[in-house]
Amino acid sequence: MSRDAVETIVIRLGALALSLFLFGAFVAAAGASPLDVFYQMYRGSFGSAFSFQNTLLRAAPLMLTALCTAIPARLGLVIIGGEGALVVGGLAAAVTGLAAHGAPPLLATTAMAAVGFLVGGAWTGLAGALRAYRGVNETISSLLLNYVAIALLNHFVEGPLRDPASLNKPSTRPIAPEEMLSHIPGLDVHYGLVFGLVACAVAHVLMVRSVFGFGSSIVGGNLRAGQLCGLPVRRMIVIAAVLGGGAAGLAGMAEVAAVHGCANASLIAGYGYTGILVSFMARHEPLAIVPVALLFGGIDASNGLLQRVDNLPDATVGVLQGILFVVILASETLYGRFDWLPRGQPAVRAALDAGVETVKPAATEVSS
Amino acid sequence: MTPAASTSLGAWGVALALGAGAIRISTPFLFVSLGECITEKGGRVNLGLEGTLVMGAMSAYGVSYLSGSAWLGALVAGLIGAALGLLHGWLCSLRRVNDVAIGIALILFGTGLAFFLGKPFIKPSAPLLPAIDFGFWSSSREVRSALQINALFLIGVALAPAVAFFFDRTRWGLVLRTVGESADAARAMGYRVDFVRSIATMCGGFLAGVGGSFLSLFYPGSWNERLSSGQGLMAVALVIFARWSPLRCLVASLLFGAASALGPALQSVGVMWGYHLFNAAPYALTLAIMIGTSSATRALDGQPAELSAAR
C-alpha cells in the first residue's frame, strides 16, 4: 500500500473518530448515554446477520448515488443531483416495467434498468451540458433539478399515473412480480447490491485505468491544460455527468424493481444526499466508495433502533451525517502535513509540495 | 383567502395573489440573497445558507415559544446564523478546504441539527411576528389580506440600498470588494483576507438566519420539517442573476416570491391540474435565469474576480 493511501486512511479514520466523539457529546447533551447509543448503532448495523443484511440493502443505492458525485468530480465538477436522478430513474423504470408487461420477464427487467440508467443519466447530463456549453454552475443547477424531479414524481403519481387502488400513499400501478429483481441466492438482499459493486468496479477501471479517466484527471487538475492537450473537454464533462446520473438512475430502478414494486414518494429517501457524503469521504475513489457506503448504510440502518431504544428523534442520524461531513472536509487540510514520516522519493515529493503551495491555489481559483 | 371569494375576482384574483405572494414570500429570498451578496463580494460562496435558513426558522420559533417574544426569536435566529457563518468562514480559512463543499456539508448539518432540536416545537404554537395593516382603505377582503405586510419585509427593503451604500461608499465596503477582486492586492495592502472573508460570511449568516425566522414566525408561520424547500439555495442562484447588486437582489426576490405564489394562486381559482408542476415554477425559473445569464466564455459583469464557483 502506498504511503499516500496510508495517509488517506489514517486521516479519514481520525476524522471518523473525532466525529463520533462530537456526536457522543451531542447525544450526551441531549440526555442519552453515548455508550449505549454507540452500542445500539453497532447492534442495528453490523451486530447480527439480520441487521447486516439491512445495512447491505441501504448500502446498495448509496454506492450508486455516490458515483453520481464521484465520476464528475474527477473532472473537477461538483454535481450533487443524485437524489433527482434516482427519482426520475425510478419513475421511468416503473413506467417501463408497466409498459413492458407481457414481454419476457428478463427482457422487461433489463429494459427497466436500461431506461432507468438513461433517464437518470439525461437528468444530470443536463446539468453537465449546461455547465460545458453555457457555463451554468453545475452544483446549483443539479441541486435545483432535484426539486424539479421530486415535483415531477409527485405530479405523475398523484395524477396521470396514479393507481386508483393506492389510497393513502399515491403510487403507480405495481409492476408484475416476475419483472421484479430477485434476491441474491443465500441472502435476503436484492441484486441492486451487485449493481452497486459492479458499477464501482467499472467506474474504477474507467476512471483510473482508461484513457478517458487519464484525460479526466488532466481536466480536473487544470482545465486549461486539458484544452491545450486537445482533449474534447466539453464532451468529456457531459459524458461524466451522464455516467454519474445513470448510476443514480440505476439505484432508482433497483429501489422500484426490488424494494417498493412501484414508484411513489418512498423513492425520496435521501439516498442521493447521503451519496454526496459517501463520495466526499471516499475522496471520489470508486473502489473506496464500497466500504464507505457500507459504513453509511450501517448508520442509516441503525436509525430505527436508536429511535426505539434510546428514544432519540429520527433526525439523530442526520446530525451525525452533518458532523461527519463537516469534520471530514475540514480534515482535508491535514494532507501533506505529516512531513516527519519517511517518504518514497524525497526530492519529487518536495517539488510536488512546493507546487501545491504556490501554483495550485492560483490555478484552482481560476479554473475550478 | 377562500377559493369561492377569489373565484369571483377571476384573473384579477390570480394577479392579486401573485402580487401578494411577491410581498409575502419574497422576504426570506431577500434576506438570504443580501447575505449571500455580502459573502460573495468577499470572494467566497456559502451554499450552506439553506441549512442556516432552516436552523434560523427552528431557533426563532423555539425562542419565540419559550420566551413569548417573536422579535427575540428573530434576533436569536440571526445570531445562530452568524455562528454558522463564522464556522463556514473559519473552516474555509484552513488550507485546501473548499468553500462549496463545506457549504454542502453545512446544508446537511444545519437541517439535521434543526430537525433534531426542533422536534419539541412542532406541535405548540408560538407568538408570531406582527403584521402592519396597509390595506385599511380597501373594502375588498383579498386586497386587505394581501397588504398585511410584515415589518421584516420593510426592513429588508430598506436594507437593500443600505448594503449597496456600504459596498460603494464606505471604507469597509471597499476593503471587502478589494478582497473579493484580488486577494493578492488586499494582502499587499496589509489586510487579512481570510479574516475579512470570515466576517463577511458571518454577516451573511446573520441575515440568512433572520430570513429563516420569517418562515416560521410569519409566513407560513409554524415550524415543521417541510418548511424550507430550497429557498436558501434559490437565493444563492438569485445573487448570480442579480449580478452581485443588492438593489437587483430586491427586484429578483420579488420576482421569485411571485413565482412561488403561482401554484397556490392557480389552485385558489380552481385550477387543480398540475399543482405540483406549478409549485416547481421557482426552480424552473431559477434554472432558466441561470441559463439565460451565464456564459461559457466570459466572466459575468459585476462578478467578484476571486469567486471560483459562481460562473
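What share of the contacts in chain B with a separation of 6 or more comes from residues 24 or more positions apart? In this predicted model, such residues account for 79% of those contacts, two residues being in contact if their C-beta atoms, placed from the backbone, lie within 7 Å.

Residues are numbered from 1 along each chain as its sequence is written, while chains are lettered from A and ligands numbered from 1 in the order in which they are written. Because the model is predicted, local features need pLDDT of at least 70 and side-chain atom pairs count only at pLDDT 80 or more, whereas totals for chains, interfaces and linings use all residues.

| Property of chain B | Value |
|---|---|
| Span of the C-alpha trace along its principal axes | about 65 × 45 × 35 Å |
| Radius of gyration | 20 Å |

The contact between the chains takes 41 residues from chain A and 44 residues from chain B. On the side of chain A that touches chain B, the residues divide into 24 nonpolar, 13 polar and four charged, where Ala, Val, Leu, Ile, Met, Phe, Trp, Tyr, Cys and Pro count as nonpolar, Asp, Glu, Lys and Arg as charged, and the others, Gly among them, as polar.

Note on methods. The radius of gyration is taken over C-alpha atoms; the globule rule is 2.2 Å times the number of residues to the power 0.38.
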